[in-house]
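Let's take a friendly walk through this model together. Have the sequence and the 3D view open as you read.

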Amino acid sequence: MLLCSCCKPNNEEIQDKGHSSGSSQGSFHRTESYSRVMGNSNLKQHIETAQKTGVCQLRHLNLKEVPEELQKLSKNLRTVDLSDNKILQLPPWFVTLASLKNFTLNNTKIAELPEDFGKLKKLEVISLSGNSLTHLPRSFSNLTNLKTLTLSGNHFKTFPPELLVLPQLDVVDLSQNSITELPFEMSGLQAVELNLNQNQVSRMPESIARCPRLKVLRMEENCLEISAFTPDIMKTSKISLFAVEGNMFDMKMFHQLDGYDEYMERFTATKKKIN
């Protein structure tokens, strides 16, 4: 019997087993203290490098907030990586970084973005995996240059509608969330690849067949029945790769679907282009 992700425990339900010994705790605290000291001493150097290159890498520095020094670099700062820190929110001035094209903030447990986040209109790549986001601000739909968006490992329960109006979007990763269904009207999605692995999606709207550029759809370990793959989706969509193992059906049933032959024609044609 196949077990879909809606039957699996949430990450939040898996509790910490604790530390192995007092000595290991002491070692951990010494390492954390050392990291904090080294991070603070290196911060100035990182800022100076960013001023010269437009690239600011501030990972693993135990930062609790975004350094105000970045505000002075708003004219030439193109890339910022603040991952693996303890930052819980972005300051209001962050949206003044008008030249920002690449923004990474993974594994910080941030729960929401500023309402005016959409002012960062030059953004092309955003990675916010391993956080506590449940939604995107409405202004996110203003990011008309956005091409790659990674939101894996957050707490989304619904598909963000703001993504359906972004004209340059190529890749969307919403894997490892808690999304149960997709919007009734999906045809506005411009993405070439959509990753919804390890969610709880139980149905697919037929409008997904009208996504103009969607070629790769990853929906492994969801709660889909075989009936979700209608003849319209199998025959008329541009999807040339369905990754759908680990749902509520045997893959033999998928191979017997009405429209499977048409899908395999697209799959084979795409494979030939790659090779």
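What you are looking at is a predicted model, where local features need pLDDT of at least 70 and side-chain atom pairs count only at pLDDT 80 or more, while totals for chains, interfaces and linings use all residues. Residues are numbered from 1 along each chain as its sequence is written, and side-chain values use heavy atoms, with hydrogens and water left out.

You will find N85 in the loop between β2 (79-81) and β3 (102-104). Helices (H or I, at least four residues) and strands (E, at least two) are DSSP runs, numbered from the N terminus. The N85 side chain reaches the backbone nitrogen of L61 at 3.0 Å, and a polar atom of that side chain lies 3.1 Å from the backbone oxygen of S83. Leaving out residues up to four places away in sequence, N85 touches L58, R59, H60, L61, N62, L63, N107 and T108 (contact means heavy atoms within 4.5 Å).

Now step back to the whole chain. The protein has four helices and nine strands, and along the sequence they follow the pattern α-β-β-β-β-β-β-β-β-α-β-α-α. Of the 275 residues, 44% are buried.

Finally, turn to the aromatic rings. The whole structure holds 13 aromatic pairs (rings of Phe, Tyr and Trp, the last by its six-membered ring, with centres within 6.5 Å; planes under 30 degrees apart are stacked, over 60 edge-to-face and the rest tilted). F229 and F254 are edge-to-face, because their ring centres are 5.3 Å apart and their planes meet at 80°. This pair links distant parts of the chain, 25 residues apart: F229 sits in the loop between β8 (216-218) and α2, and F254 in helix α3 (residues 251-255). F254 also pairs edge-to-face with Y263, at 6.0 Å centre to centre and 75° between the planes. Ring pairs link F229, F242, F249, F254, Y260, Y263 and F267 into a cluster.

Technical notes: Buried means under 20% relative accessible area, exposed over 50%, partly exposed in between (1.4 Å probe, protein chains only). A polar contact is a pair of N or O atoms within 3.5 Å; within protein, one must be able to donate a hydrogen and the other to accept it, and residues adjacent in sequence count only if both atoms are side-chain atoms.
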